[in-house]
Amino acid sequence: MSLLAEDTEAADLGLRWKPGFAALGPAFLTELRPTPLPDPYWVGRSEAVARQLGLPAGWHESGATLAALTGSLPVAGTRPFATVYSGHQFGVWAGQLGDGRAIMLGETEGGLEVQLKGAGRTPYSRGGDGRAVLRSSIREFLCSEAMHGLGIPTTRALCVTGSDAPVYREEIESAAVVTRVAPSFVRFGHFEHFAANQRNDELRALADYVIDRYYPACRNTERFGGNAYAAFLEAVSERTAALLAQWQAVGFCHGVMNTDNMSILGLTIDYGPFQFLDGFDPRHICNHSDTSGRYAFNQQPNVAYWNLFCLAQALLPLIGDQEVAVTALESYKTVFPNEFEGRMRAKLGLPEAAEGDRALIEGVLKLLAAGKVDYTIFWRRLSNYMADGNLEPVRDLFLDRPGFDAWLLSFSQRHAAADRARAAELMRRSNPKFVLRNHLGQQAIEASQQKDHSGVAVLLALLQTPFEEHPGADAYAGFPPDWASTIEISCSS
Ligand SMILES: Nc1ncnc2c1ncn2[C@@H]1O[C@H](COP(=O)(O)OP(=O)(O)OP(=O)(O)O)[C@@H](O)[C@H]1O
Ligand SMILES: [Mg+2]
């Protein structure tokens, strides 16, 4: 019996827990306790996630909950653990990694895993301190919820809890924990870990667990002659392709697409140096540490494929045939462009595909890139134009007016027979007014560092429903100020 089960004092969050991933056994994880953060306080909370988890009303009112989510009290019914994974970082095999600062509480009866990111050292921390700073924790919290609001698959975040305990990065910062939630936090790197160590029994156990839990259809498919592992690889490729199409359409740059940051469920995971594009620059690099531009915005779809190739190699002992594995990856090459085109068509207010759509999409992206036009503002203004016929706010964004007019002509011809009100409606549902721009996050962070957490709550409310108008909040939907371009976001978090 573990020590944890003998605790008399524990916080009861009102949730029921089941073994979940932990049932795989000790080869996959190490049981341990979070390291307490002193004098914790609330920084931000998502009631939407609380409801999804099934937390009782008033869940955050108890000091025991705050203590539990910052490691000072065990959570009743849980046996926390950290998992082991490996991975390719910046294209190079990095060997063993693992949850170096994320500690899993467990899985709820409702099928959601709950993790405390920044909860202290684990056997996989290597040189790290196991902590996360307030700055990066607020970014992760807000962006998880923003992505969900945008309809993009992502890990969620219940809350950020802070402490004045010092954390040493380029300068001294304060510590925080993000309580994260997802059906599964399994990454490509979990598979790579067991494959690289030729531990095929564990590799198979992991694949069987993930297939049975999250991809049961792979068991009953005739694809690949009934090879469930190949069908699984194909399904992951398709989900990843669909995810990447959404990132590219909304202008999201992840920044650290290492294989250990690729979710097996096709969720966006690990919000580090991410950025929503301001001016449209396909070659934008959001991660200050990415000197070669490996993870530049326009490289993301290819990197995802490269990462899937690593996953395929890891699954090869189970799939049994290299050609089959390569075929299972192939669907990425059709799903990504189809999904991307579908998303871009929706942004253009076009529910159905027609010949010439690709040229229309490429045409506008070229114009936006040539003028470094603000990506989010352009699409929202184009949606408004569709509704009210006022062209100037859109046209004013372009220096190359003749170029824009020529494109607009083909756009208008494409819409000639369409119901404009319906098209405008689709566009406003597909083109957010609010995204988590770096400078918005930065302002909320700086206020929080001075103990005013209201900016986090304000941003959260806007980002959870980013397609709504939110009258009075236009200041959050404007152009970035000049100083925004000087914000440097690196891997330091
Ligand atoms: N401060 C830290 N202390 C211990 N380990 C760390 C720390 N920062 C990063 N790591 C570990 O380094 C590896 C790569 O880090 P990366 O930045 O991709 O992940 P992360 O931001 O810590 O977390 P996640 O991917 O879970 O969101 C991971 O194994 C991670 O746990
Ligand atoms: Mg990571």
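In what sense, parallel or antiparallel, do strands β9 and β11 pair, and over how many bridges? In this predicted model, local features require pLDDT of at least 70 and side-chain atom pairs count only at pLDDT 80 or more, whereas totals for chains, interfaces and linings use all residues. Residues are numbered from 1 along each chain as its sequence is written, with chains lettered from A and ligands numbered from 1 in the order in which they are written.

Strand β9 (residues 132-133) pairs with β11 in the antiparallel sense over two bridges; strands are DSSP runs of E of at least two residues, and helices are runs of H or I of at least four, numbered from the N terminus. Pairing requires that DSSP find at least two bridges between the strands. Alanine 132 stands opposite alanine 176 of β11. Antiparallel pairing also links β11 to β8 (residues 113-117), over five bridges, and here valine 178 is the bridge partner of lysine 117. With β10 (residues 156-168), β11 forms ten bridges, again antiparallel; threonine 161 is partnered by valine 177. A hairpin of three residues connects β10 to β11. Strand β11 (residues 172-182) is mostly covered, eight of its eleven residues being buried. A residue is classed as buried if 20 or more other C-beta atoms lie within 10 Å of its own, exposed if 12 or fewer do, and partly exposed in between, with C-beta atoms placed from the backbone.

Lysine 451, which follows α14, has a positive phi near 75 degrees.

An unreviewed UniProt entry places the feature "binding site" at Asn261 and Asp270; such annotations may be inferred rather than shown by experiment. Asparagine 261 lies in the loop between β12 (252-253) and β13, and aspartate 270 is likewise found in the loop between β12 and β13. Asparagine 261 is buried, with 20 other C-beta atoms within 10 Å, and aspartate 270 counts as buried with 23. Beyond neighbours within four places in sequence, asparagine 261 is in contact (C-beta atoms, placed from the backbone, within 7 Å) with Arg187, Val256, Ile269 and Asp270.

Conventions:
Two residues are in contact if their C-beta atoms, placed from the backbone, lie within 7 Å.
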